[in-house]
Amino acid sequence: MNAPVPLPLAETAVLPVVTTGEPVKTTCPYCGVGCGVLARPDGTGGAGIAGDPDHPANRGRLCSKGSALGETLGLSTRLLTPMLRGAEGELAEASWDAALDAIAGAFRRTIDAHGPDSVAFYLSGQLLTEDYYAANKLAKGFLGTANVDTNSRLCMASSVAGHKRAFGSDTVPGVYADLDDADLVVLVGSNAAWCHPVLFRRLEAARARRGTKIVVIDPRRTATAEEADLFLPVAPGMDSVLFAGLLVHLAEAGALDDAYVAAHTSGFAEALAGAWKLAPDLATVAAKTGVSAADIARFHALFAGTERVVTCYSQGVNQSAQGTDKVSAILNVHLATGRIGWPGMGPFSLTGQPNAMGGREVGGLANQLAAHMGFAPEEVDRVRRFWGAPHMATREGLKAVDMMAAVAEGRIKALWVLGTNPAVSLPRADAVRVALSRLDFLAISDNVRATDTLACRPHVLLPALAWGEKDGTVTNSERRISRQRPFLAPPGEARADWWAMAEVGRRLGHGAAFGWRTAADVFREHAALSAFENEGTRDFDIGGLAGLDDAAFDAMAPRQWPVQSPGEEGETRFFAEGGFFTPDRRARFVVPADPAPAEATDPAFPLRLNTGRIRDQWHTMTRTGLSPRLGGHLPAPFVEMHPADAAALGIEAGDFVRLSSVHGAAVLEARLSNGQRHGELFAPIHWSGANAAQARVNALVAGATDPFSGQPESKATPVRAEKVSLPWRGFLLVRESSDPPPASWWARVALDGGAGWRIADAEGPEVWRMRAGALFGATDRAEFLDIRSGIYRAAAYDGAGRLTGLLSVAPAGQAPDWTAVAPFLAAGPLAPAERRAVLAGRAAGAAAACGPLVCSCFGVPADPIRALLAAEPGADVARIGAVLNAGTNCGSCVPELRRLIAAAPVPG
């Protein structure tokens with residue numbers, strides 16, 4: 001490595017932050033829909049949030065998570081200064097110079113001693129494109145390692161691999177407008193009503209306007225499935241069989257586009273023969289998939305008889321050991337029918353992360369180079385020359401799961417993690433946590449100061465900018481590049497990730513290559529590389545944006561790529577008339593393999609665990625967990641079971657269940673649902689060691705990977721389930737931040753005015769009465785103890801008479817609910833009657849009974865909805881929306897509203 005150049009921190013131009021109260025157009029930091037947001041700073045570090053009606057992705061709509069973004073702003077959980085681990089092993093505040101010198105020195109020493117493959121970067125779909133680009137350039141061009149991967153590997157890697165096998169490039173052919181124009185939309189492994197609700201509302205509008213049919217293919221009867229015209233409860237991993245059977249049917253029915261196949265594709269005969277072998281007839285497809293032959297036949301007829309078909313697929317397809325083959329099976333039917341690239345037609349990958357697409361554009365995955373190039377010798381040489389790279393990586397690096405295995409084995413010695421929480425989100429999460437803790441050198445860039453990964457003894461912590469402070473671009477699922485603009489001043493010493501990586505590049509002697517002053521500088525270089533020696537041979541080309549000056553970059557409206565000239569506008573579809581990015585410009589049909597589970601169940605582990613997202617939370621809750629509204633819908637980690645499976649194990653709704661696999665365990669609350677297939681379970685991924693006691697479900701997941709994409713199987717882990725006896729239930733409310741209560745099981749929820757913990761324990765009221773002293777200290781405390789009933793409550797007050805804490809414990813069958821008393825936590829001094837209500841565990845009036853939260857956007861609980869239905873028999877979803885607003889924003893609560901309507905008593 002070159003000797004370090006002793007430079008001061010680079011001068012970085014910072015755009016002025018708007019503080020006048022005028023709205024700033026920016027982009028939501030959650031899913032890949034890429035919704036436009038209007039943020040109106042309030043001058044005190046907060047902002048009013050609304051959807052941007054001018055943004056083509058959402059047309060002013062926001063989901064529950066986007067609507068609550070204003071509740072997630074603030075500095076209470078932020079990392080604000082660099083930190084260094086000293087000789088005695090403790091982290092202490094440090095200067096940026098010292099922290100950056102430590103990273104550069106560690107990487108230099110490690111590479112000198114062990115070679116470039118001994119260092120790695122693990123990135124995040126939360127990063128901006130400019131951050132991703134800087135990491136890719138630093139690692140692959142100047143450190144000489146391609147060990148650069150991202151949590152997007154856990155999200156969309158199988159889609160990338162499927163696209164490249166078929167199209168020769170990672171190209172999403174369609175656009176969101178296709179949902180408006182389709183007459184049939186097939187949702188595969190996608191709970192869009194919860195996970196992409198803005199797009200699902202768009203689809204519902206199309207159904208109301210033109211009668212669009214919706215088919216849902218999923219092992220679970222999700223909220224999306226409840227809204228479908230046809231639901232196919234496919235067995236785990238069998239999607240490729242279902243689509244192979246569809247291809248066979250289309251051939252037999254004469255529903256293929258023979259002209260398109262002949263002119264623009266290759267390998268069709270082999271693909272059809274493979275489909276015949278995999279799914280020769282309806283009976284075989286029904287037997288393998290577990291779907292009734294009648295429903296499969298109905299699906300065949302719908303697909304064959306409808307010209308305008310869009311097939312949207314998401315994590316249920318991608319997060320699988322057969323993910324790439326599932327994608328190929330879907331692409332095969334669209335290529336065979338020529339239903340691609342035309343309005344209302346095509347396969348469409350629904351991206352899970354806000355910038356997974358942008359990361360793919362700049363080589364954020366270990367098997368890519370920037371600008372949709374790979375590691376072919378001519379592509380390596382092209383990028384080398386453009387960058388002037390002295391240590392160009394020449395082969396693919398390690399994908400995420402293999403990267404962590406290399407960390408555990410000691411082959412990777414130094415790792416830089418940016419903007420993600422792998423100790424929670426990666427498979428075999430317990431082993432990942434141990435491996436990270438044993439690294440010779442671990443640097444972490446994050447904007448929060450407490451995550452499971454930050455507990456893995458990092459040597460350097462860098463304070464990163466958060467949403468609202470970042471300046472750059474993201475790309476959504478339809479290839480639309482949007483600006484994330486700052487509307488808040490950077491707090492403390494937080495800085496941009498691209499800047500930190502550029503500073504490390506400078507310290508390693510490469511100052512000329514990392515001389516960017518602004519995010520616009522990075523973007524211009526990224527755009528120029530996309531056009532470099534690109535004569536129409538690469539799909540990704542935004543060369544038309546390479547000449548934007550700073551003002552034009554700042555004002556840039558959402559643009560869909562490709563953009564080959566500055567004035568180019570409008571939506572672009574690919575492949576309607578061929579033009580694929582393979583050497584002969586023809587698409588490739590691919591024969592999917594006969595699917596088999598990555599791991600078989602057995603008597604010790606007889607059930608299959610499926611993992612995924614819930615409606616109002618995101619990733620590991622570092623942002624959404626700050627919102628009281630979002631925490632109100634599903635406040636505790638749970639496992640969903642079929643009632644028959646639960647009964648066989650002696651488990652009832654509300655019991656605690658220990659799930660175990662060969663890799664780990666979790667304790668979750670049982671929820672019973674007939675929408676679960678027999679023998680299968682579902683648990684959400686969001687709870688971490690920071691917000692629950694024993695709920696890290698990825699500790700159970702094995703990490704078997706797709707052979708083409710490297711994406712791990714997260715949908716079919718063999719587990720066993722056992723009832724856990726925790727006879728006492730309760731809650732703890734606190735106004736000030738504190739450590740978790742000393743309970744066997746707990747889960748934390750943000751509340752207005754403080755925080756709440758739901759608790760379950762083997763110990764009863766007498767023990768908790770002794771614990772109350774330690775929990776509340778020397779405060780004004782009132783207690784209630786009923787030994788016979790097993791009920792204990794303690795309320796603590798400050799000198800002004802404000803409630804500072806409330807503890808309530810009771811037998812499981814009388815589990816207390818904080819709904820009625822939690823509002824007192826944010827109140828001022830309480831009157832005597834209010835103090836009595838707190839200790840009684842209930843409040844008078846409307847607050848006494850609210851029920852579980854149904855609509856997070858407007859904070860509408862169940863009880864007012866039930867009251868309306870009782871007062872107005874026959875009220876529908878529209879009436880509920882008119883009276884209570886529920887269901888009128890993102891619509892993700894509409895399935896729950898319909899369930900409440902169905903359960904309402906019918907007048908006699």
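Predicted model: local features only at pLDDT ≥ 70, side-chain atom pairs only at ≥ 80, totals over all residues.
Buried here denotes under 20% relative accessible area, computed with a 1.4 Å probe and protein chains only. When neighbours within four places in sequence are left aside, Ile217 is in contact (heavy atoms within 4.5 Å) with Val186, Leu187, Val188, Gly189, Leu232, Val234, Asp239, Leu242, Phe243 and Phe299.

Local features need pLDDT of at least 70 and side-chain atom pairs count only at pLDDT 80 or more, whereas totals for chains, interfaces and linings use all residues. Residues are numbered from 1 along each chain as its sequence is written, and side-chain values use heavy atoms, with hydrogens and water left out.

The secondary structure of the chain amounts to 30 helices and 34 strands, assigned as DSSP runs (H or I of at least four residues for helices, E of at least two for strands). The radius of gyration, taken over C-alpha atoms, is 27 Å, close to the 29 Å given for 908 residues by the globule rule (2.2 Å times the number of residues to the power 0.38), so the chain is as compact as a globular protein of that length. Of the 908 residues, 61% are buried, and among contacts with a separation of 6 or more, 71% join residues 24 or more positions apart.

Key: Buried < 20%, exposed > 50% of the residue type's maximum accessible area, 1.4 Å probe, protein only.
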